[in-house]
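Good morning, colleagues. Please bring up the sequence and the structure, and I shall take you through selected regions in turn.

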Amino acid sequence: MLERMASTTYMFDTAEEGERDRLLAQALMWDPVTRRRLHDIGVTEGWRCLEVGAGSGTVTRWLADTVGETGHVVATDIETKWLRSLDAPNVQVMRHDVTTDPLGESVYDLICARLVLVHLPDPHATVDKLLRALVPGGWLLVEEYDMISLPMCHPPDATWRKVAAAPAEMLSMGGGDPHMGAKLTSILHATGAADVDTEAVALPRRMPQVPSWQAQFGQFRERLVDAGLVSPAEVDKVIADFDDESCDLVVYGPLLVSARCRKP
Ligand SMILES: C[S@@+](CC[C@H](N)C(=O)[O-])C[C@H]1O[C@@H](n2cnc3c(N)ncnc32)[C@H](O)[C@@H]1O
């Protein structure tokens, strides 16, 4: 059973074996997109930054290198064990629940949170809280999946389409939102934030090139089958295709919607 934490709909057991590998594989896939967005924002030496739900810490590490010794990066998460290796002098790791613990007012030049809002009960309230923690003119970067592209593939493949549609249904059944990314633009506009700018990125790949997606299907296998969303044979076929070097099916994975804005 999935453990439901009081203030989050986070679907993974944070103590689960393999959680770090899953977080890391996901992080490495999307880091080039996140870094490009942070670079475009202009993060540079001396900035005070906060990464919320920092996971395996790859973005925090890049931020720490970028802001240098005159800057500072706070990395928070409800589970900090994967962040312990971040021992740079300009990094502070904090066990912190963004929904319930204080963040302060007008503290940071930049706050980022990737694939975190979807797990929280009230993303609007959290975005408001993050904006309050920024200095005037400070930047917020939030990034979330829209799973609408997950069943997309080339050439058409009925088994992939069915199995790849199932995680979104499972997420909805658990109280999550598979289309959180699509909502970021309106969430940021609703706060009255300035300079809202949103883009969506997909990474179409041949199946053998994306073992991390195979790991996700492997992790979800029992739950997808138990929920009656797919048969064992269907999900096993998809898992096996990721191992088949001759498989030429190109799958899109989720869209990563990357949304930034400034505190007025
Ligand atoms: C899918 S992972 C993303 C990790 C990292 N941001 C990345 O993109 O590589 C979601 C992270 O959010 C954290 N998280 C979930 N609920 C949280 C909360 N209420 N407050 C802070 N972090 C939370 C989880 O522990 C996990 O590390």
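Let me begin with a question: is L115 buried or exposed? L115 is buried, with a relative accessible area of 13%, where buried means under 20% relative accessible area, exposed means over 50%, and partly exposed lies in between, for a 1.4 Å probe and protein chains only.

Two remarks on the source are in order. This is a predicted model, in which local features need pLDDT of at least 70 and side-chain atom pairs count only at pLDDT 80 or more, while totals for chains, interfaces and linings use all residues. Residues are numbered from 1 along each chain as its sequence is written, and side-chain values use heavy atoms, with hydrogens and water left out.

To return to L115, this residue sits in the loop between β4 and α3. Helices (H or I, at least four residues) and strands (E, at least two) are DSSP runs, numbered from the N terminus. L115 is not a glycine, yet has a positive phi of about 60 degrees. A second residue of this kind is D195, with a positive phi of about 50 degrees although it is not a glycine. D195 belongs to strand β7, residues 194-201, and counts as partly exposed at 49% relative accessibility.

L115 also leads us to Q26. Leaving aside neighbours within four places in sequence, Q26 is in contact with L115, Y145 and Q216; contact means heavy atoms within 4.5 Å. Q26 is placed in helix α1, residues 19-41, and is buried, with a relative accessible area of 15%.

I now turn to the ligand. Which element supplies the largest share of the shell around the ligand? That share, 3 residues, comes from α1. Of the 19 residues around the ligand, those that come nearest are G53, D77, D97, V98 and R114; a residue is near a molecule or strand if one of its heavy atoms lies within 4 Å of it. The residues of the shell comprise 9 nonpolar, 6 polar and 4 charged. In this scheme Ala, Val, Leu, Ile, Met, Phe, Trp, Tyr, Cys and Pro count as nonpolar, Asp, Glu, Lys and Arg as charged, and the others, Gly among them, as polar.

A backbone N or O atom of G53 lies 2.7 Å from a nitrogen atom of the ligand. A polar side-chain atom of D77 is 2.5 Å from a ligand oxygen atom, and for R114 a polar side-chain atom is 2.7 Å from an oxygen atom of the ligand. On its own, the ligand has 600 Å² of accessible area, of which the protein covers 98%; accessible areas come from the Shrake-Rupley method with a 1.4 Å probe.

Next, helix α3, residues 123-132. Its buried residues are P123, T126, V127, K129, L130 and L131. What do they pack against? The buried residues of α3 pack against β1 (48-52), β4 (108-114), β5 (134-146), α5 (180-190) and β10 (255-262).

Helix α4, residues 158-173, contains A166. A166 is buried, with a relative accessible area of 1%. Not counting residues up to four places away in sequence, A166 touches L224, L229 and V230. A166 and F220 are 54 residues apart in sequence, and 9.6 Å separates them in space, C-alpha to C-alpha.

P155 lies in the loop between β6 and α4. H154 itself stands opposite V250 in β9, and β6 and β9 run antiparallel, joined by 2 bridges. Two strands pair if DSSP finds at least two bridges between them. The open sheet here has 3 strands in the order β6-β9-β8, with antiparallel pairing. Its edge strands, β6 (153-154) and β8 (205-206), each pair on one side only.

Apart from neighbours within four places in sequence, C247 is in contact with R206, M207, P208 and D241. Along the chain C247 and A158 are 89 residues apart, and their C-alpha atoms are separated by 15 Å.

Notes: A polar contact is a pair of N or O atoms within 3.5 Å; within protein, one must be able to donate a hydrogen and the other to accept it, and residues adjacent in sequence count only if both atoms are side-chain atoms.
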